[in-house]
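Student: I have a chain open on my screen and want to go through its fold. Can we take it step by step?

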Amino acid sequence: MATITAAGIGSGLDVESIVSQLVALERRPLDRLNTKTSQVNAQISAYGSLKSKISDFQSAMAALGSASSFKLFQGLSSDESIFTASVDSNATAGSYAVNVLALAEKDKIAAGPFADSNAVVGTGTLTLSVGSDSFDIVVDGTNNTVTGLRDAINSASDNTGVTATLVNSDDGTRLVLSSNDTGTANALTVTIAGDGDGNDTDNAGLSALAYDVAGGVTNATAISTAKDAVVEIDGFTVTSSSNTISGALEGISFTAKSLGSATLEVNRDDEAILEAVNGFAEAFNALRTEINKQRSGQLEADSTLLSIERSIFDVLNAGTAISGSSFNYLIEAGVSINEEGVMEVDSDAVTTALNDDFSSFVNLFAAEGEGYAARLETLADGWLATDGLIDAREDGLKTQLDRIEDDKFRMEARLELVETRIRAQFTALDTLVSQLSSTGNFLTQQLASLPAANKS
């Protein structure tokens, strides 16, 4: 049960106020520790913000830090209703005549018509093959209707690529079977074994679904026939099981849309390269802005900022020969730093450098161990690495926080003892004063009762 205290009642002293003020004086070191905790947390947060900007800077450097980053191409079809194309970094600039002679198609057949979707087809074993792969459906009284067959085919765990659907037409219901993939390698075959009517090839019972072109049994009707796509590229024939043709030209993938001829132009995507160069400058400027912000904020006088800034400018001001490049400085490729320290990109100068000496432009940024972007990316990697510059600073601050928390814990414990001691002292004083007051009142009463005190 909690003890109820009323210090000061006996003496009239405001003991609670006195104790509170004395404890508040004792708490001043603890308040300073709390302030220090806030400051250290603010520094950790500042390093987090700095890391974010360095990470953005790292990504922008990576976009220009390797030669493959500049292998940016765009493929333009002269008639996208005939074909479209996508290109990657392995493509080569050039012009190609493309003639789509045939489109890839899938096998699709229809069995029926049946009276309706609940009509009984028959029993036996249905074998469906797509190319060299096949699966079996055992048809019995549980699944021998048109709907039952559709569901059994679609839900078969070993289905090798056949989809069944129902079409309800004016003359009845048809079971439509389709191979999922195009091309002659995915031709569809349906054979029957153990038909309940005793005949596995006639157009009755389960064998009404039979479709085996090679075997000469085509009870089901062909809707479309499996075909390969055939495309001529600069007069050379390429065959593909799908309408997407890859590998015919390195780094280029065609998607055939319709029959006809069109031209493919593959050009270097200078706009994408310029965008990457602008991203380089923007990331540099954002990092400089962050450094200046932290220098006048939570990381004032922190040597980390100076170290990062100095490392960046050591690279930018190097001006050394770079393998494979006739350029030594970024300004030769249209990138400069103005008098306010802001990096700027001259789009026209970048375009000129790309057209006049593409290899020099690429190596200026991306030559391994020498290019500007490659070297700056290496710096950023080091700053962000585990046990790197930023990580070491954060670990130091976190260790400092742990020490402060330990100090605060010990100080809180000591303050509890101090408060208990002060409260005990004032309680004793309150009791003593109360006792003295009672004694004084008693003596006053006794003196007042003496005979001499009553004389007029």
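Student: How many helices and strands does the chain have?

Tutor: Keep in mind that this is a predicted model. Both kinds of element are present, and the count is 9 helices and 19 strands.

Student: What is the radius of gyration of the chain, and what does the globule rule give?

Tutor: The C-alpha trace spans about 150 × 80 × 35 Å along its principal axes. For 456 residues the globule rule gives 23 Å, and the chain is well over that, so it is more spread out than a compact globule. The radius of gyration is 44 Å.

Student: What share of the residues in the chain is buried?

Tutor: Buried here means under 20% relative accessible area. Of the 456 residues, the buried share is 35%.

Student: Among contacts between residues at least 6 apart in sequence, what percentage join residues at least 24 apart?

Tutor: Contact means heavy atoms within 4.5 Å. Take the pairs at least 6 apart, then ask which are at least 24 apart: the answer is 68%.

Student: Are helices H4 and H5 roughly parallel or roughly antiparallel?

Tutor: H4 covers residues 270-295 and H5 covers residues 303-316. Their axes come within 10 Å and cross at roughly 150 degrees. An angle over 145 degrees counts as antiparallel, so H4 and H5 are roughly antiparallel.

Student: Which residues of H5 meet H4, and how does the contact divide by class?

Tutor: From H4 come Phe-284, Leu-287, Arg-288, Ile-291, Asn-292, Gln-294 and Arg-295. In H5 they meet Leu-305, Leu-306, Ile-308, Glu-309, Ile-312, Phe-313 and Leu-316. By class, the residues of this contact are 9 nonpolar, 2 polar and 3 charged.

Student: Is the crossing of H5 and H8 left-handed or right-handed?

Tutor: H8 spans residues 372-384, and its axis is 10 Å from that of H5. The packing angle is about 165 degrees, which makes H5 roughly antiparallel to H8. H4 passes H5 in a left-handed crossing, whereas the crossing of H5 and H8 is right-handed.

Student: Which residues of H8 make the contact with H5?

Tutor: H5 brings Ile-308, Ser-311, Ile-312, Val-315 and Leu-316. The contact has 8 nonpolar, 1 polar and 1 charged residues. On the H8 side they are Tyr-372, Arg-375, Leu-376, Leu-379 and Trp-383.

Student: What covers the buried residues of helix H3?

Tutor: H3 runs over residues 146-155, and its buried residues are Val-146, Thr-147, Gly-148, Leu-149, Ala-152 and Ile-153. The cover includes strands E4, E5, E6, E7 and E8.

Student: Where is Pro-113, and what kind of peptide bond joins Gly-112 to it?

Tutor: Pro-113 sits in strand E4. Most peptide bonds are trans. Between Gly-112 and Pro-113, omega is about 15 degrees, and the bond is cis.

Student: What is phi of Asp-234?

Tutor: Asp-234 is in the loop between strands E13 and E14. Its relative accessible area is 40%, so Asp-234 is partly exposed. Most residues other than glycine have a negative phi. Asp-234 has a positive one, near 50 degrees.

Student: Which residues is Ala-93 in contact with, leaving aside its neighbours within four places in sequence?

Tutor: Ala-93 lies in the loop between strands E2 and E3. Ala-93 is partly exposed, at 46% relative accessible area. Phe-73 is 20 residues away in sequence, yet 7.4 Å away in space, C-alpha to C-alpha. The contacts are Phe-73 and Val-266.

Technical notes. Residues numbered from 1 in each chain as written. Predicted model: local features only at pLDDT ≥ 70, side-chain atom pairs only at ≥ 80, totals over all residues. Heavy atoms only, no water. Axes fitted to C-alpha atoms, helices over the stretch in contact; angles between N-to-C directions. Helix = DSSP H or I, 4+ residues; strand = E, 2+ residues; numbered from the N terminus. Parallel < 35°, antiparallel > 145°, perpendicular 65-115°, else oblique. Left-handed = near helix turned anticlockwise from the far one by under 90°. Nonpolar A, V, L, I, M, F, W, Y, C, P; charged D, E, K, R; others polar. Rg over C-alpha atoms; globule rule 2.2 N^0.38 Å. Buried < 20%, exposed > 50% of the residue type's maximum accessible area, 1.4 Å probe, protein only.
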